[in-house]
Each structure stands twice: as structure tokens, then as C-alpha cells.
Amino acid sequence: MDLEREVADLVAKLLASGELPYRPELVRFRPKARYYSRSREAEVDFENVLEVYVKDNFGKDDAQPTHVVIFECKDHKRELEVKLMDELVGRLAGGYGFSIKAYMVTRNGFQSGTVATARNNGIGLIKLMPKDKVQYFAHLQTYDSLERSRREFPLRVKRALLNPLYVSDGERFYAADDGFVFPDFNRMIVKHLDRAGLPAS
């Protein structure tokens, strides 16, 4: 539950930042949502959902979002298994009548097969570092050292996502999505929405 609250806080900060190309009333976060799946002929439950609407239908009783971003939180004590990703893939393939994007969020890590399955199904991976795995080391900051740190960030993301014992040097957020890596939540979501080609307000 703490992980879900942390994700909700990240979304709330994103919405308050003004970084999204939408009017605030066209984007909303729902802790729980249920959508009708045509393929299952039943409603499917999701948690931690960011909905994007178009201005023509928002506020109507039967309004459907144009795009939905789902954050599947799994705070397990070990690397997340492939079966958890397979289950999410199955729920996403429901034919909901709107485009949908999912991220799986953990504090620990993912099995290599889970990473591959996510990549091949367009699902982003996020690791929010546990506080006891974030340490701060003293460094002499130079242009060269900052540039080297930037170049090595993709390698650190890979290590963090695959290793539940990974200890970071002050970094709290690692994400991989659609061939990109991200050091923070806002840049990741803004990049996704930009690539999704959704109509701006």
C-alpha cells in the first residue's frame, strides 16, 4: 500500500507541475478504476490510473477517456516473476475502446524474463528505490565526472531493475520505457504522452 501511495503522490505532483499539455480538467488520477473489456465481456479492475480526456466528452456521465496510463504496483520481497507480467499483459488486451499504456512499479527488481516480456509488450518498468538502498557518496563534481555519470546512467538503470540488492548513489528513481531510460517520473510520463500523439488541449 505504501508503494501505491508513493505513486499517487508522484502523479499528484505531475498534475500540479503544469508540465502536461492538457488543461487540468482533462486529466485525472483514479486510485481504482473499472473498464469494460469487449474480449472478456466483463469489467476489468485496475489500480493507479491516469486518465486523459478530450474536451468534447469530459464531464458527461458516460465519458470515456481517450487514453489511460496504468501503474501496476508490486511491492514483493524478490524480483518480480514473469507470471505477474503475463497476467498484466492479459488484462491489457481487453479491447477497451481507448488506447492504454501500463507501467509495472516495484521497489526491488524484475527477473530478466519479466524485463523481456515487458519490453516486447510495450510495458514500462519503474523501480522506486527503498530508502535503505540509497546512499550518498562524496564526489568531486567536475564536468567530466558529470558527463561520465550521464553516459553510464543506462547501465545503472539495467543494474537497478535486475538486482533487488542494488545500492544507488543518491538516485531514487529508475525507469525504462520504449527504448528510453529516465531518472524521474515527470520526464518519463511527458515523453510517453508526447510519443503517444494525443490531442493537446
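The model is predicted, so local features need pLDDT of at least 70 and side-chain atom pairs count only at pLDDT 80 or more, while totals for chains, interfaces and linings use all residues. Residues are numbered from 1 along each chain as its sequence is written, and side-chain values use heavy atoms, leaving out hydrogens and water.

**Pockets**

Rolling a probe the size of a water molecule over the atoms shows where empty space is left. On a 1 Å grid over the protein atoms alone, a pocket is an open set of points where a 1.4 Å probe fits, with protein on both sides within 12 Å along at least five of seven lines; lining residues have an atom within 4 Å of a point. Grid points are joined across faces, edges and corners, and a volume is the space filled by probe spheres set on the points.

| Pocket | Volume | Lining |
|---|---|---|
| Largest | about 610 Å³ | 20 residues |

In the largest pocket, S145, S149, R150, R156 and E171 lie nearest the centre. Helices (H or I, at least four residues) and strands (E, at least two) are DSSP runs, numbered from the N terminus. α4 (143-162) gives the most to the lining of the largest pocket, 10 residues, and β7 (168-169) supplies at least two. By class, this lining has eight nonpolar, five polar and seven charged residues. Ala, Val, Leu, Ile, Met, Phe, Trp, Tyr, Cys and Pro count as nonpolar, Asp, Glu, Lys and Arg as charged, and the others, Gly among them, as polar.

**Helix α4**

The 20 residues of α4 should span 28 Å at 1.5 Å a residue, and its end C-alpha atoms are 29 Å apart, which agrees. The expected span is 1.5 Å times one less than the number of residues. α4 bends by about 45° at E152, with a proline, P154, following within four residues; the bend is the angle between axes fitted to the seven residues ending there and the seven starting there.

Buried residues (under 20% relative accessible area, 1.4 Å probe, protein chains only) of α4 are S145, F153, R156, V157, A160 and L161. They pack against β5 (124-128), β8 and β9.

**T114**

T114 is found in helix α3. T114 is buried, with a relative accessible area of 0%. Not counting residues up to four places away in sequence, T114 touches L80, E81, V82 and M85, contact meaning heavy atoms within 4.5 Å.

Technical notes: Buried < 20%, exposed > 50% of the residue type's maximum accessible area, 1.4 Å probe, protein only.
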